Amino acid sequence: MRRWLAWLVAATTSLVLIALLVPMALLIRAVAENGAMSRATAAAESVAVAVGTPDLALAVEQVARPVTVFLPDGGTVGAAAPRSDAVRLAATGRSVTARAAGGREVLVSAQSSGGTAVIRVFVPDAELMRGVPETWAALLVLGLALVVLGIVLADRLALAVTRPVDGLARVSHRLAGGDLTARAEPGGPPEVRSVALALNHLADRIDELLAAERESVADLSHRLRTPLTGLRLDAESLRDPEEAARLQARADALERAVSTVITEARHRSAGRGSCDAAGVVRERVRFWSVLAEDQGREVSVSLPDGPLPVPVGAQELAACVDALLGNVFAHTPEGVSMAVRLEPRPAGALLSVSDTGPGFEAALLERGISGGDSTGLGLDIARRTAESSGGSLSVSTPPAGRGAHVEVLIGGP
């Protein structure tokens with residue numbers, strides 16, 4: 001937009017200056033020519049006064065320019081010059097100006113006792129254009145300076161418009177990345193300020209709707225406690241102790257899951273949190289290492305030495321790591337090795353999990369699609385965790401052609 005405005009102002013200013021400066025340049029040249037011709041005419045008339053007197057030669061010498069007097073008897077006084085058609089025309093008693101080689105000639109007729117004499121004053125082109133090139137150059141510099149000034153002013157004006165628009169774009173990208181605290185700073189023209197206020201209102205409304213939706217989910221989950229209580233009472237009333245204990249354990253596990261849903265829904269309604277990614281990944285790898293040792297899996301881990309903060313809550317990141325590691329255990333044979341790597345990035349971290357198993361297709365990234373008997377939500381959980389922080393998830397196959405390599409970018413590039 002700034003470039004377009006600059007070109008527009010440059011074109012408009014150039015057209016206006018051309019419309020003004022070209023006639024002015026022609027007028028300056030005409031004034032210079034008229035001045036030179038007027039001075040030549042005055043010099044010729046001063047010599048015409050002396051025609052027919054003994055002082056004619058002295059009058060010719062006193063004129064500071066080439067002067068030729070064509071006498072009626074065919075003789076000449078002063079500078080040598082050809083008797084052109086214009087001279088013969090002037091000899092009829094008319095004063096004329098004519099074009100000559102290298103300039104112009106002013107011809108004035110004067111009556112003497114012997115007939116009509118013609119006084120010729122030659123005006124060279126240099127005198128006709130004296131001072132004109134310098135004036136034209138000054139006009140050109142002035143025109144260029146005005147064009148540059150117009151472009152600078154247009155750029156400042158465009159910047160006053162584009163800066164708030166760029167701010168609106170950044171805020172919209174932050175909102176799209178899950179940062180619902182992003183708000184635009186109203187500024188610029190009234191129309192841009194109106195857009196900024198509308199964007200802020202939209203962000204507030206989205207925040208309110210999400211909070212209401214999460215609270216509804218939490219309330220709905222909370223209502224499940226009543227049937228869970230009834231299920232527990234039914235389990236206690238069973239006569240078979242083993243069957244009662246089994247159902248009681250299932251009821252307890254279901255209640256813990258419901259409580260987790262309630263806690264997570266209310267936690268997310270408070271906004272996006274942050275945690276130490278290195279500590280969370282280290283703890284989850286330690287948890288899964290027990291099962292890996294039982295299955296004879298070799299686990300290699302590469303983590304930063306110090307804390308690595310990321311814009312994701314500890315519970316969300318732990319669920320993401322569990323989903324990635326759980327996929328390895330669920331979809332690869334026992335004994336298959338795996339590697340976990342966590343690297344810092346400018347805005348967060350890059351978590352990668354790879355294995356040497358049979359691998360899986362990219363279609364498994366879609367929610368609900370699984371290569372086995374699972375729900376197919378593991379990779380979707382990891383993807384949503386990455387996207388909620390402005391990052392992304394990618395799946396690839398190592399160059400060897402076997403295994404899977406999953407990268408989760410947390411916090412954006």
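This briefing walks through an aromatic cluster, a helix, a strand residue and a surface patch. The structure is a predicted model, where local features need pLDDT of at least 70 and side-chain atom pairs count only at pLDDT 80 or more, while totals for chains, interfaces and linings use all residues. Residues are numbered from 1 along each chain as its sequence is written, and side-chain values use heavy atoms, with hydrogens and water left out.

**Aromatic cluster**

- Rings of Phe, Tyr and Trp (its six-membered ring) pair if their centres lie within 6.5 Å; planes under 30 degrees apart count as stacked, over 60 as edge-to-face and the rest as tilted.
- The count by this rule is 2 aromatic pairs.
- One of them joins Phe287 and Trp288 edge-to-face, at 5.9 Å centre to centre and 90 degrees between the planes.
- Trp288 and Phe329 have ring centres 5.2 Å apart and planes at 25 degrees, so this pair is stacked.
- Trp288 belongs to helix 9 (residues 277-294) and Phe329 to helix 10, so their pair ties together parts that are 41 residues apart in sequence.
- Together, Phe287, Trp288 and Phe329 make one aromatic cluster.
- Trp288 has a relative accessible area of 15% and is therefore buried (buried means under 20% relative accessible area, exposed over 50%, partly exposed in between, with a 1.4 Å probe and protein chains only).

**Helix 10**

- Helices (H or I, at least four residues) and strands (E, at least two) are DSSP runs, numbered from the N terminus.
- Helix 10 (residues 314-331) has 18 residues and spans 26 Å from its first C-alpha to its last, close to the 26 Å expected at 1.5 Å a residue (the expected span is 1.5 Å times one less than the number of residues).
- Its buried residues include Leu317, Cys320, Val321, Asn327 and Phe329.

**Val106 in strand 4**

- Val106 sits in strand 4 (residues 103-112) and counts as buried because its relative accessibility is 2%.
- Leaving out residues up to four places away in sequence, Val106 touches Met37, Ala40, Thr41, Val96, Thr97, Ile119, Arg120, Val121 and Val123 (contact means heavy atoms within 4.5 Å).
- Ser95 is 11 residues from Val106 in sequence and 7.9 Å away in space, C-alpha to C-alpha.

**Nonpolar surface patch**

- Leu142, Leu146, Leu149 and Leu153 make a nonpolar surface patch of about 360 Å².
- Patch residues have over 30% relative accessible area and no salt bridge, with like charges joined within 9 Å and nonpolar side chains (Val, Leu, Ile, Met, Phe, Trp, Tyr) within 5 Å.
- A salt bridge is a side-chain nitrogen of Lys or Arg within 4 Å of a carboxyl oxygen of Asp or Glu.
- Accessible areas come from the Shrake-Rupley method with a 1.4 Å probe; for residues, only the protein chains shown count as cover.
- Leu146 is found in helix 5 (residues 132-176) and is partly exposed, at 36% relative accessible area.
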